[in-house]
Amino acid sequence: MELKKAGINSKLVHAGEKVECLGSAVQPIFQTSTFQFENAEHGARCFSGESDGYIYTRLSNPTIKDLEKAVAAVENGFDGIATSSGMGAINTVYLAYLGSGDHMISTDAVYGPSRGIMESLYPKLGIESSYIDTTDIQKVKDAIMPNTKLIYIETPANPTISITDIKAVAEIGKEAGIPVCVDNTFCSPYLQRPLDLGADIVLHSMTKFINGHADIVAGMIVTKTGEEYKKIRAIMTNLGCNMDPTQAFMTRRGLKTLGIRIERAQQNAIKIAEFLENHPAVAWVKYPGLKSHPQYELAKVQMDGPGAMMSFGLKGGFEAGKKMMDHVKLALLAVSLGGIETLIQHPASMTHSKLSKDSKEAAGITDELVRLSVGIEEVQDIIADLDQAMK
Ligand SMILES: *Cc1c(COP(=O)(O)O)cnc(C)c1O
């Protein structure tokens, strides 16, 4: 059967670009920095691009290529560009599309450093940005300026779990001739495929759901077209934020079980969201699988499931948030997300503590907000742990 027509779990297991190597069932780790040419003519063809032979690992490597092709296959994209981290992927995209005098529009409640670096380093390069509530499509339209060169969205957003309509933003981008990039880390391609919805570029922190075992930091960019692919790859190789072959091997292994891990964590998350919604210490719960989520209907259309990420507000505010963090026993008090273990954190005192009070308020990152990444443990154990910590 042709893999292109296969279901997503088959692609997760089998897609990629495996090199025939002594019958090895998986792509081996090609832990080499450089590749020997057969002769001068072969070397010349590799450099001119007539041959797709490998040259040097910063440019490409078979273990990394296998992972890039596999993620591109599940995102329905042209090809992938692996990076050393999610931030490597984000900065590569920023630098591929933005130069002095340009402007970017972005979701306000994005991953902290995605916004932090844009507001600290990029202004020094003459690059401006507007951070807006992209759940409001009119605001996206209104933010476009003659020098807008990139629309960057994150959905569901971190840590507010707000959902932006990818299709609607992609249409605005197309009309204005501005590329649209989606940070798809919170869903992974198992639950959401932005390129199918019209986006031009999708990126991931594979540190999270794709690798899924809290033992690797890694990033990936997937493009819809070959043209975008070439443009972004050139920036990545020259910046030098390439992946390492062992990192690629580990991530490819994690990718194989993405489907079953997400299904299990999501089943747990649905039950936990219901438990929290009925808990006396909880003021509100934001989870795409609850009817109370403001974009519940959009989530049903855009995502293949509500996922394993949620945030909730404690009636006791900032102090209650900090106190709860000190009393969890099964859940790990840690940043990051998307792993097999349940992780909990308090953005106001941790990940988003560097944002100004105004930026935090504008982005909906309130003092009582607790973020939960649900793992694959027994659901009754996670519920019991949260319950005792809130008590
Ligand atoms: C973690 C994360 C990143 C950054 O990824 P690193 O792998 O830590 O560099 C970017 N976006 C989102 C949504 C994330 O959760």
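**Loops, buried residues and ring pairs in a predicted model**

Thr164 has its place in the loop between β4 (148–154) and α7 (166–176), where helices (H or I, at least four residues) and strands (E, at least two) are DSSP runs numbered from the N terminus. The structure is a predicted model, in which local features need pLDDT of at least 70 and side-chain atom pairs count only at pLDDT 80 or more, while totals for chains, interfaces and linings use all residues. Residues are numbered from 1 along each chain as its sequence is written, and side-chain values use heavy atoms, with hydrogens and water left out.

With a relative accessible area of 1%, Thr164 is buried; buried means under 20% relative accessible area, exposed means over 50%, and partly exposed lies in between (1.4 Å probe, protein chains only). When neighbours within four places in sequence are left aside, the residues in contact with Thr164 (heavy atoms within 4.5 Å) include Thr107, Thr134, Thr135, Glu154 and Leu298. Thr155, which is also among the contacts of Thr164, is joined to Pro156 by a cis peptide bond with omega near -10 degrees. A cis peptide bond also joins Asn158 and Pro159, with omega about 0 degrees. Pro156 lies in the loop between β4 and α7, and Pro159 lies in the loop between β4 and α7 as well.

Most residues other than glycine have a negative phi, and most peptide bonds are trans. Leu22, in the loop between α1 and α2, has a positive phi near 55 degrees, and at 89% relative accessibility this residue counts as exposed. Ala214 also has a positive phi, of about 55 degrees, although it is not a glycine; Ala214 is found in the loop between β6 (201–205) and β7 (219–223) and counts as exposed at 56% relative accessibility.

Met309, by contrast, is found in strand β9 (residues 309–314) and is buried, with a relative accessible area of 4%. Not counting residues up to four places away in sequence, Met309 touches several residues, among them Ile161, Phe186, Tyr287, Leu337 and Arg371. Met309 and Asn9 are 300 residues apart in sequence, and their C-alpha atoms are 21 Å apart in space.

Aromatic pairs were counted for rings of Phe, Tyr and Trp (its six-membered ring) with centres within 6.5 Å, planes under 30 degrees apart being stacked, those over 60 edge-to-face and the rest tilted. By this rule the count comes to 5 aromatic pairs. The ring centres of Phe37 and Phe47 lie 6.1 Å apart with their planes at 65 degrees, so this pair is edge-to-face. The pair links distant parts of the chain, 10 residues apart, with Phe37 in the loop between α1 (8–14) and α2 (40–48) and Phe47 in helix α2. Phe37 is partly exposed at 28% relative accessibility, whereas Phe47 is exposed at 60%. Tyr94 and Tyr122 also form an edge-to-face pair, with 5.4 Å from centre to centre and 85 degrees between the planes. Here Tyr94 belongs to helix α4 (residues 86–97), while Tyr122 lies 28 residues away in the loop between α5 (112–120) and β3 (128–132).

Over the whole protein chain, 14 helices and 12 strands are present, and 54% of the 391 residues count as buried.
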